[in-house]
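User: I'm new to this one and would like to know what lies behind the labels. Could you take me through a few of them?

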Amino acid sequence: MLKVASRYVCVLGIVVLNGFLSSKLLAQVSEPIVGKSTVDAKQMGELKARLDRREIAQEIDSKIPLPLQQGQRDLAGLLNDLKLKQGAASGESRPRSILPSGYERPYFRSGEERSSARGVLNTSLSIVYDDRKIYRPDTIEVDGDGKPVEENGKPIVLAQAGLINARLRSYEGRPVGPTLRVKPGEILRVKLKNLLPPENPNEHPDDINTPHDFNTTNLHTHGLHVSPAGNGDNVLSSVRPGEELIYEVTVPEDHISGTFWYHAHRHGSTAMQVSSGMAGALIIDSPADDEGTIDNVPGIDTAEERICVFQQISYVPPSYQFNLVEAPGGLSDLPSTGKELVVVGKMPTGKLVFRVFDDEGNQIENLEDVSLPSGKAKALQRLKLKIKELKDANERRIRISLFPRVWSLLDFENYELEEYEMAFGPTRWRDGKGLDGWRTTVNGQFEPVIRVESGKLQRFRMIHAGVRDPITVQFSPIPAAAIESRNPSIAQYNVDEINERGMREIARDGIPLEQMKQTDAIELYPGYRSDALVRFVNTSSQPEYHIMWNGPSDVSLDPAIAVATKEAEILAVVEVMPGSPLDVEPWPSLHDFANIRRPKPIDSRDVVGLQTINLGEGGFAINQLRYDPERDPRVVQLGRTDQWDLASLGFGNHPFHIHVNPFYVVSKTTVMKDDSVRVDPIGVWKDTLLVLGASDDNGEKSISYKVLTNYKRYVGEFVLHCHILDHEDQGMMMKVAVENSTYKIGTALAYPFQAPVWTLPNVAGEKKSLDELRGGKATVLVFLQDQSCSLCNEQMQAFKSRIGDFSAADANVVFVAPKSKDDSFPQPGFDLPIVFDHDLSVFADYEVTVPEYNAALHGVFILDHEGKVVWRETSDEPAMNLNLLLEQIRYLPSP
């Protein structure tokens with residue numbers, strides 16, 4: 001297979017440069033081999049003419065550092081022998097080799113930049129299939145824990161490293177979307193053009209939470225505080241194949257400047273599209289004259305920017321039928337014709353026969369296992385053992401387990417992403433790193449070389465645009481000789497020798513921190529962003545090197561894996577050019593950084609409502625409910641401040657993300673099995689937060705997070721969800737609606753209060769007290785606006801029809817009617833308790849009146865077993881969502 005260095009494609013032919021393009025040509029030839037180029041004919045003619053000149057070739061050669069001209073860019077020898085000191089949780093670990101000898105790393109590049117002009121960024125994004133060349137490292141056999149199966153200290157290789165062909169959905173036919181840049185107060189206008197083939201209507205599932213419609217899309221601006229309505233940041237919209245939609249997002253003038261991103265977000269196809277690479281950076285830049293922003297802090301304002309979109313591309317074998325066939329009669333028992341079919345025949349002798357038929361019915365493979373290269377003998381032996389292991393498994397498990405192994409073993413190089421179950425699910429990413437060669441890429445590149453000036457501050461804008469795997473970013477120096485050497489004696493180093501006492505993290509999720517945080521590692525989970533300053537110093541006469549690597553993590557985002565077993569991997573190589581000690585730039589001053597504008601922490605005294613979110617409770621669900629577009633959204637009130645209590649129940653850990661409004665993370669509370677409680681203050685603004693589930697191994701009973709948010713500026717519907725995107729596609733999502741109202745929109749209360757007590761006459765004229773009617777149970781108090789109100793009577797009948805559900809929840813229902821009893825009220829046969837407030841004094845105590853007119857309103861209050869108001873609503877319309885009330889009662893603590 002052809003080994004690729006830094007290769008660039010043009011429409012007139014392929015120009016291979018065994019090194020790197022000069023900076024002058026780099027602007028014209030914009031895409032490496034993993035993407036496509038869109039260079040017009042005139043530009044290509046000029047480029048071809050220039051490349052024909054010998055002096056241009058000499059110019060290119062002169063800019064390639066000598067160590068990079070030797071053609072061996074891999075760290076295989078280094079990584080196989082690195083001894084890394086880890087914390088107690090991780091134990092000893094080694095970064096796995098991901099690039100064998102022969103691969104030459106390209107220089108780092110971010111997505112094409114598109115910036116606003118005169119207050120508007122007008123651009124378009126075409127969604128197309130991209131027949132992409134991807135460098136895939138060795139695919140290797142893995143055991144039941146996803147770890148490499150080794151023999152004589154070396155992994156058992158299924159297929160050698162090299163280029164594969166992957167047909168994936170994309171923006172503009174590129175591995176990563178363009179970087180979009182606007183400023184506060186400007187308009188982002190994107191024409192989203194869906195050029196994908198039509199969907200098959202017969203394949204649309206009955207269950208909305210079965211992944212579906214993989215060619216239907218939309219656009220989400222992740223983290224922006226903008227309108228979710230209409231053609232704004234509206235993820236409830238759909239752009240079907242052949243359609244286009246102009247998204248117009250107005251960024252408010254007071255929007256924070258920072259690192260955000262955009263990606264596809266249509267329910268049912270989100271994971272498929274983001275895992276194909278449909279994501280890009282979205283930067284809100286500060287105006288140059290605004291000294292109160294993070295971008296204009298001295299030192300940060302001159303730092304060299306490095307935008308890193310971390311992606312986790314999941315490519316799988318084509319959607320062929322896979323048949324494991326017992327062939328007691330020999331070859332005659334195997335199919336001799338077929339379309340899109342892979343057959344593995346088990347002969348009576350124990351041998352395997354492989355037959356493959358393509359989409360036109362051509363037989364493209366027919367061989368016995370003895371014809372495989374001798375180097376695959378161990379892999380073949382493991383395959384046979386796996387087949388025996390799966391003898392009683394169902395067809396789905398056999399396919400998911402065996403198909404990737406067989407495809408690699410036969411050295412097929414065509415891949416795609418069309419089958420959901422082949423790409424997602426428990427342990428799939430972990431196993432895919434071995435079986436399929438999946439890796440975390442940086443802007444669509446494998447291990448790019450980031451060349452930096454000695455002493456120059458670097459601002460890394462890091463975006464986790466992957467679907468599942470955590471990323472722990474670290475920088476560590478390595479000996480220059482180790483770049484080319486396979487000698488383990490010079491390849492060892494200690495990861496505690498982190499570059500210059502670590503990084504300075506300055507922002508999370510696009511929002512500046514209260515102070516710069518010095519750290520050796522930055523943990524990123526799906527949807528997270530982090531801005532960090534890094535400074536590399538080289539006062540020698542030769543280039544020096546660091547690796548940017550994804551360290552081991554003890555946090556698992558896989559429900560089938562209680563504790564993470566993720567091994568380390570390289571993300572990029574940093575090449576530090578020689579410099580002088582006089583070139584070292586100082587870190588920004590703590591004083592300057594402290595004085596920038598940032599959101600202030602929310603005062604807990606402003607909090608009104610309480611929202612409870614249990615991720616994973618009931619499977620791929622939130623609060624035991626899977627996503628239903630027809631279900632009423634959770635309604636919150638414009639201008640109100642609420643507390644949200646977040647927990648992961650049922651299975652696994654889940655990154656919580658809510659659109660439109662960021663939140664302030666106050667604390668994490670852990671209750672241990674011995675009922676001791678630990679409260680860890682956090683104090684940071686986020687829009688995505690990993691919510692850990694309790695661990696039995698750690699003796700934990702429950703974990704919850706307290707976050708505060710206020711609903712500013714925008715009304716409309718949006719969503720909250722788990723940012724493990726295949727969890728979201730399968731139902732772990734909920735609609736939220738912000739509404740503007742003069743009255744008090746229904747909500748649980750963050751600070752319950754004792755209900756005002758009263759004694760009022762009932763239908764029979766008997767005096768009944770609140771405590772008597774409650775009877776020590778949870779109670780729903782329903783305030784009626786008028787005895788003759790038709791809507792009130794409709795509401796009463798609704799409660800009567802559901803009284804069995806309230807009784808099952810051990811809750812009473814009591815109605816409070818205004819004024820004295822009318823002769824015609826209530827309707828005959830209505831037997832639920834009603835009391836009458838003749839002077840509206842109780843209505844006034846519960847604030848269910850319009851004081852100026854002494855007029856009654858509708859109201860509903862939930863009282864707990866102690867008689868405290870824990871939920872309330874007042875309105876000019878009656879509350880009819882009884883399911884919502886029952887859900888609130890369900891979460892009341894037992895008496």
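User: What makes α6 and α7 roughly antiparallel to each other?

Analyst: First, some ground rules: this is a predicted model, where local features need pLDDT of at least 70, side-chain atom pairs count only at pLDDT 80 or more, and totals for chains, interfaces and linings use all residues. Residues are numbered from 1 along each chain as its sequence is written, and side-chain values use heavy atoms, with hydrogens and water left out. Now, the axes of α6 (residues 377-389) and α7 (residues 395-409) cross at roughly 170° and come within 11 Å. Axes are lines fitted to C-alpha atoms, for helices over the stretch in contact, and angles run from 0 to 180 degrees between N-to-C directions. Angles under 35 degrees count as roughly parallel, over 145 as roughly antiparallel, 65 to 115 as roughly perpendicular and the rest as oblique. The pair is therefore roughly antiparallel.

User: How do you know which residues make the contact between α6 and α7?

Analyst: Contact means heavy atoms within 4.5 Å. On the α6 side that gives Ala379, Leu380, Leu383, Lys386, Ile387 and Glu389, and on the α7 side Arg397, Ser401, Leu402, Arg405, Val406 and Leu409.

User: And what is glycine 579 in contact with, leaving aside its neighbours within four places in sequence?

Analyst: Glycine 579 touches Ser454, Asn538, Thr539 and Ser540. It lies in the loop between β31 and α10 (590-594). Helices (H or I, at least four residues) and strands (E, at least two) are DSSP runs, numbered from the N terminus.

User: How do you know that β30 and β31 pair?

Analyst: Two strands pair if DSSP finds at least two bridges between them. β30 (residues 544-550) and β31 (residues 569-576) have seven bridges, in the antiparallel sense, so they meet that definition. Glutamate 544, for instance, stands opposite valine 576 in β31.

User: What makes β23 and β28 edge strands?

Analyst: The open sheet has five strands in the order β23-β31-β30-β25-β28, with mixed pairing. β23 (449-452) and β28 (522-524) each have a single partner strand, so one side of each is left without a neighbour in the sheet. From one strand to the next, the twist averages 25°.

User: How many bridges join β32 to β42?

Analyst: Two bridges link β32 (residues 609-615) with β42 (residues 747-754), in the antiparallel sense. That is at least two, so they count as paired. Glycine 609 has leucine 749 as its bridge partner in β42. β42 also runs antiparallel to β51 (residues 868-875), joined by four bridges.
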